[in-house]
Amino acid sequence: MLNAASLTEPAARHIVGAGPSDDLRVTFLRPENHTWRIAAPDAVRYLKAHTKPWYGGDPDAAGRAVQHEARAHRLLAEAGLPTPTVETASPTRDNPLGWPYLLTAELAGTSLVDLLPTLSRPEADEALRQVGRHLAGMHALRYEHAGYLVDGPPTQAPTDGFQHPSWRFERFLTAAMRTWANDSTKVSPTVMDRLANLVADSVDDARCSFDPPRFIHGDCHANGFFLDRAPSGWTVTGVLDLEVSSAGCPLFDFTKLFIELTGHLSGSGYRWWEPLYDGYGREPDLQVVRLLLAGSGHINYTCLGEHAWPGDRQTILNHIVTATRWETLFNPTDEAPAV
């Protein structure tokens with residue numbers, strides 16, 4: 001498997017086409033997925049090797065991830081949406097790194113979560129409108145079947161093997177029920193009853209939200225959106241990390257986005273969801289959003305460091321299932337009904 005030293009300078013030079021005398025700076029950024037920043041005289045590029053645990057150290061599995069991430073970028077580009085330029089996609093180990101990789105050009109601008117604290121309220125509103133418009137542009141791409149975008153849109157409905165919960169309602173519900181079964185061992189019966197009521201009230205609309213399948217990011221972190229200032233104002237330059245991109249349920253792209261923006265902006269008094277929805281063109285279904293949030297594992301709420309949601313699983317789940325307004329849902333420090 002790879003480590004920080006796996007990308008040698010000669011290999012990096014070969015991959016980006018740098019000459020032997022060109023100034024080249026290679027910086028290792030992170031493991032899982034292994035990512036390097038390669039700064040050459042002509043450009044800055046990022047090399048990504050898919051090494052997360054669920055690929056099982058299998059280069060074939062990593063190669064398939066390279067293929068569908070590269071394809072996702074190309075589908076967005078073909079639709080006229082800004083996206084990182086894919087310079088090279090190597091789906092096999094037959095390359096200087098010895099592992100499948102994706103090489104993309106650097107995105108202009110700044111990550112959304114780093115940008116927002118530096119902006120005035122009107123500028124923050126405009127940045128979030130642009131993020132909403134970009135999401136709407138992605139979700140406007142409709143497909144006949146759900147699934148990964150490996151060689152393009154799926155040609156048939158998924159029937160066996162791994163299926164992401166964002167693809168089909170039944171798969172989402174199965175995964176969520178496993179989460180809730182685990183929750184029931186540490187969450188009060190009162191909260192679980194409130195959850196059961198939410199499921200009953202939202203299940204039909206949730207099922208409808210999966211049809212038709214749309215282009216979705218699939219792992220839509222708030223810090224993956226990059227924005228730059230253009231003469232006309234703020235503009236999205238692209239979104240990173242499309243390895244889980246699929247034809248699926250568009251509301252899945254809001255779950256991590258909501259969790260993370262709530263963690264970063266809760267308590268600020270900023271109604272950030274309003275310009276986001278304005279840019280998107282419509283307001284998502286609050287009931288279905290709450291259901292998807294309730295089905296998200298606890299780690300999604302606690303892995304944000306200082307921006308994590310406060311409280312244990314019972315506290316957070318109770319907050320989600322009792323929130324009846326956006327402003328309540330996105331302020332997890334609000335006092336929820338007793339459990």
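Is Arg-207 buried, partly exposed or exposed, and what is its relative accessibility? Arg-207 is partly exposed, at 42% relative accessibility (buried is under 20% relative accessible area, exposed over 50%, partly exposed in between; 1.4 Å probe, protein chains only).

The model is predicted: local features need pLDDT of at least 70, side-chain atom pairs count only at pLDDT 80 or more, and totals for chains, interfaces and linings use all residues. Residues are numbered from 1 along each chain as its sequence is written, and side-chain values use heavy atoms, with hydrogens and water left out.

**View 1. Arg-207 and Glu-170 form a salt bridge.** Their closest N and O atoms are 2.9 Å apart (a salt bridge is a side-chain nitrogen of Lys or Arg within 4 Å of a carboxyl oxygen of Asp or Glu). Arg-207 lies in helix α6 (residues 189-208) and Glu-170 in helix α5 (residues 169-183), 37 residues apart. Helices are DSSP runs (H or I, at least four residues), as are strands (E, at least two), numbered from the N terminus. Glu-170 is partly exposed, at 36%.

**View 2. Glu-87 pairs with Arg-45 in a salt bridge.** The N to O distance is 2.5 Å. The pair links strand β4 (residues 86-90) to strand β3 (residues 44-49), 42 residues apart. Glu-87 is partly exposed at 38%, whereas Arg-45 is buried at 6%.

**View 3. Asp-241 and Lys-48 meet in a salt bridge.** N to O is 3.1 Å. Asp-241 sits in the loop between β10 (233-239) and β11 (246-248), and Lys-48 in strand β3, 193 residues apart. Asp-241 is partly exposed at 29%; Lys-48 is buried at 7%.

**View 4. A network of salt bridges links Arg-30, Lys-48, Glu-69, Asp-241 and Glu-243.** The whole structure holds 19 salt bridges.
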